[in-house]
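This report describes how two chains are divided and where their parts meet. The model is shown below.

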Amino acid sequence: MSELTVTVDGTTVAVPAGATALDAARAAGRWVPTLCFDARQAPFGACRACLVGVEGAANPLPACTTRCREGMAIDTEDPAARRVAHAVVELVLSELPRAPAPDTELAQVAQRLGVGAPRWPGETHAPADPDVRHPYLAFQHELCISCGRCVRACDELQGTFALTATGRGFHANVAAGLDEGFRASACVACGACADTCPTDAITEVSLLP
Amino acid sequence: MSRNLVELVRRHHALAAPSALDVLKEAVEQRGEVTDEDRREAARRSGLPEAAVYGVSTFYDDLLQPRGARHVRVCTGTACFAATGGAHVEELRAATGLELGERAADGSTSLAETVCLGFCHSAPALRVTGSELDVVDAGPGAVARVLADACVAAAEPDWSSTLPEPVLTRPGDWSGLRRVLEEEISPEALLEAVTAAEIRGRGGAGFPAGVKWGFARAAAGEQKFIVANGDEGDPGSYIDKYLMERNPALLLEGMALAGYAVGAAHGFVLVRSEYPRSKPALEAAAEAARAAGWLGERFDVTIVEGAGSYVVGEETALLACLEGLRGTVSARPPFPAQEGLYGRPTVVNNVETLCNVPFVAARGADAYRALSPDSDTAGSKLVCFNERFARPGVYEVPFGVSMRWLCEQLAGGLRDGRSIKGVQIGGPLGGILPAERLDAAFDFDALAAEGCMLGHGGILAFDDATSMRDVARHLLRFGAHESCGKCFPCRIGLRRAHAMFAGEQPVSRERLEQLLETLELGSLCAHGGGMPAPIRSLLRWWPDELGLSA
């Protein structure tokens, strides 16, 4: 396979043809915040936390869906990109009725970016009791940030298609089957959705707080 | 978009299965709502997994609004807002006792919001449907007539051309395709002519059509598609409505020529469900074209109706809607020219863009480029005006004329002695030009220099009585409602931006601008990326009206 040479924050790295800017940043050992990305799944480009500066581009570009070109220069700490990433994580936290657990990916990304009190507070998802109709898997819909990782895990990794994105705009969320819980859906309890969820909106019943 | 679902849909489509969206639409038409039994039936007939069908059923406005025996859809588009300030919606709510999206307990009446019905020349507009009834009433008194059960079908807008030789308002006569076939012009030569003609996309982005066609032609694969984007969702615009309903043969000819140049044997038109007359008009024109031998074995078309979503006008969301899936935006690459409808190379062009092609085929690139003598932009453009103007309607104009000439001479200025406060050009993602800047030229670059855009060509005046804070609130409410929910900045950011203007509280200019930057730089598509443009105009020209704090 042919290789491309790119630089990330001044460090030169070789990446295979077809690699993304995120692949290159990770190959160079640089951190780029991500929320909707899971290396086992096709890039989705939804969260926009992974913006990076690219030499010659007028505006920051999403690292996960931007393919590397020979000689491309990537700046993972581009000030505008970081401002947007910070704002995105702040917005996401502002839609949750309670803070995500400290061990979740979202909480860790927020901590690393130093995200504090929301500048744009407002309506949150409605708090609800966890949906524990399934013996192993639980929904906490109010923690869903619509990153699509669970839906793609069920589609791309498990091939079961038991999950879907639901709603539109601010009211987007996820559901199993016809939204009657995991048990009444095609779910085979593989756990791939709970494994990838960055907020514990889907988690194991035994791990519920 | 899930490649697995798209492949699943492709295989079922090849076996003539209906799309899940078609089955769900049918259920709403027949029973006024979607039930779980309808969803299971849609899954069975379309081959989509039940969960995916559930996702579709919770996405589109048409599937979410319950319908009574008499279903009243009130237009909350920007032209209707500019006409009444929203009073027509309040009047309906008060008189029916129903909220938007609510059906009376006895099932007699239901009220729903729609954006927009394309009767912007005669606002406010309402559509009433029931057994053997489907009428759009518009203009002064429309609400009272609808409430009295005495609605009257509104007149369609007038249209005319200011060009010595019309291109887009000339009835389609298949002369372009006739010439190509009779003179045995090769697909390569036609593509070359379209590229040389420099037809820029008329849907908003202005991308050169010839370049797009070239990508699709060069893409690997036997099966390719032409898709006409007839989801003219921009409130205030009724240009594609005019083309699809009153000049449908011109569009079909443009699609057939695109198919010939690109190597595609089939095309689809995605029309908005808000334009109920468009699909029948296009189907009748297609039937006539088949009878005359213009459509058929070489190239044929299918007309598909959407289900209520503004963002479906974005090309990847449009393809998802055609496949009967949730109309959400997908990151590019892959571009539709490589991997589009059913995963096949696809040209997605706006309706008006395709309507330019027959002239180029019949008369050549040089004649086309000469149509706008005062501009470097080739071809002509359709514009339309809202009912605040004295002579609203659809006009074919050259590029490069001044906005002042368009607004004051062509459309006659505002009626009832009103004066223009500002005009929003090219839809809700376009900037607002204040009256004192009307000398700007109507052209891509000149309008961009004013923080505006040509967009799709709708010209919508706000008169001197308009509160610009209300305009901000109106536009951001629309933006938040129509966000597809895919990317985080748009999904949450537009909601927050609307909340900042929702009440009467002061708006922190600093926080607003930080939010606008997040939307502009972070959004996945032009919806979230473009909604800040009119807000930037308001901040620039009418800051004192917005109730700003530091």
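What domains does the domain assignment of chain B give? The model, which is predicted, has chain B assigned to domain 1 (3–58), domain 2 (70–147), domain 3 (160–368), domain 4 (372–463) and domain 5 (468–549).

**Chain B as a whole**

In secondary structure, chain B comprises 25 helices and 17 strands. Its radius of gyration is 22 Å, close to the 24 Å that the globule rule gives for 550 residues, so chain B is as compact as a globular protein of that length. Of the 550 residues in chain B, 59% are buried. Among contacts in chain B with a separation of 6 or more, 71% are between residues 24 or more positions apart.

**Domains of chain A**

Chain A has two assigned parts, domain 1 (1–122) and domain 2 (137–207). Their contact takes 17 residues from domain 1 of chain A and 14 residues from domain 2 of chain A. On the domain 1 side, these residues divide into 12 nonpolar, two polar and three charged.

**Domain pairs**

| Domain pair | Distance between C-alpha centres |
|---|---|
| Domain 1 and domain 2 of chain A | 23 Å |
| Domain 2 and domain 4 of chain B | 28 Å |

In the chain B pair, eight residues of domain 2 are in contact with 11 residues of domain 4. The side of domain 2 of chain B that touches domain 4 of chain B has five nonpolar residues, three polar residues and no charged residues.

**The contact between the chains**

How many residues of chain A are in contact with chain B? The contact involves 44 residues of chain A and 38 residues of chain B. On the chain A side, the elements that give two or more residues are α2 (79–94), α4 (149–158), β7 (163–166) and β8 (173–176). The largest share of that side, eight residues, comes from α2(A). By class, the residues of chain A that touch chain B are 23 nonpolar, 12 polar and nine charged.

Conventions. Residues are numbered from 1 along each chain as its sequence is written. Chains are lettered from A and ligands numbered from 1 in the order in which they are written. This is a predicted model: local features need pLDDT of at least 70, side-chain atom pairs count only at pLDDT 80 or more; totals for chains, interfaces and linings use all residues. Domain bounds come from an automatic or database domain assignment. Two residues are in contact if their C-beta atoms, placed from the backbone, lie within 7 Å. Ala, Val, Leu, Ile, Met, Phe, Trp, Tyr, Cys and Pro count as nonpolar, Asp, Glu, Lys and Arg as charged, and the others, Gly among them, as polar. Helices (H or I, at least four residues) and strands (E, at least two) are DSSP runs, numbered from the N terminus. The radius of gyration is taken over C-alpha atoms; the globule rule is 2.2 Å times the number of residues to the power 0.38. A residue is buried if 20 or more other C-beta atoms lie within 10 Å of its own, exposed if 12 or fewer, and partly exposed in between; C-beta atoms are placed from the backbone.
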